[in-house]
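User: Hi, I'm new to this one. Can you walk me through it?
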Amino acid sequence: MTESDAARGARQPVWAISIHVGEALWRGRLRAGLSLDDVAGRIGVDPETVGALENSDFARLPSRDGAIAVARAYAQLVGLPKKWVTAALDKELLRHNR
């Protein structure tokens with residue numbers, strides 16, 4: 001957004017608004033009609049890990065590589081782009097020193 005756009009009260013386009021990986025996965029799960037237990041069972045982790053990922057509770061996630069592997073499997077299950085999920089989660093983990 002340029003300074004003149006800001007002066008006119010322009011807003012960021014909807015596509016430019018960022019969304020956390022956890023929220024994207026949660027929305028994908030709801031869209032697919034799956035429960036936490038469904039996701040956990042299908043990707044082979046416990047429901048607490050799925051919940052931690054959805055809530056961006058990075059302290060409760062496994063190692064960095066483990067968290068990314070879980071997120072990729074989850075993304076595939078709910079039809080989200082694995083490449084975006086991996087890159088976005090990596091950035092979130094870096095911001096939280098994980």
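Predicted model: local features only at pLDDT ≥ 70, side-chain atom pairs only at ≥ 80, totals over all residues.

User: What is the phi of Ser56 near?

Analyst: Phi of Ser56 is near 55 degrees, a positive value in a residue other than glycine. Most residues other than glycine have a negative phi.

User: And is Ser56 buried or exposed, or in between?

Analyst: Ser56 is partly exposed, with a relative accessible area of 24%.

User: OK, on to helix H3. Which of its residues are buried?

Analyst: H3 covers residues 36-43, and Val39, Ala40 and Ile43 are buried in it. Viewed down the axis of H3, the buried residues fall within an arc of 100 degrees, so they line one face of the helix.

User: What's on the other side of H3?

Analyst: There you find Asp37, Gly41 and Arg42, which are exposed.

User: Which helices do the buried residues of H3 pack against?

Analyst: They pack against helix H2 (21-32), helix H4 (47-54) and helix H5 (64-78).

User: What comes just after H3?

Analyst: Gly44, with a positive phi of about 80 degrees.

User: Let's switch to the core. How many residues does the largest nonpolar core have?

Analyst: It has 24 residues, and those with the most contacts inside it are Leu25, Leu53, Tyr74, Leu80 and Leu89. H2, H3, H4, H5 and helix H6 (82-95) each supply at least two residues of this core. The largest share, 7 residues, comes from H5. In soluble globular proteins, nonpolar side chains tend to be buried together.

User: You mentioned Leu80. What does Leu80 touch?

Analyst: Leaving out residues up to four places away in sequence, Leu80 touches Ala24, Leu25, Arg31, Ala75 and Val85.

User: Now some arginines. Why does Arg29 count as buried?

Analyst: Arg29 is in helix H2. Arg29 counts as buried because its relative accessibility is 9%, and the cut-off for buried is under 20%.

User: Which residues does Arg29 touch?

Analyst: Not counting residues up to four places away in sequence, Arg29 touches Leu34, Ser35, Leu36, Val39, Glu54, Tyr74 and Val78. One of those, Val39, is among the buried residues of H3.

User: And Arg27?

Analyst: Arg27 lies in helix H2 as well. With 42% relative accessibility, Arg27 counts as partly exposed.

User: How many residues apart in sequence are Arg27 and Val78?

Analyst: They are 51 residues apart in sequence, and in space the C-alpha to C-alpha distance is 9.0 Å.

How values were computed. Residues numbered from 1 in each chain as written. Heavy atoms only, no water. Buried < 20%, exposed > 50% of the residue type's maximum accessible area, 1.4 Å probe, protein only. Helix = DSSP H or I, 4+ residues; strand = E, 2+ residues; numbered from the N terminus. Arc of directions from axis to C-beta. Contact = heavy atoms within 4.5 Å. Core = buried A, V, L, I, M, F, W, Y, C linked by side-chain atoms within 4.5 Å.
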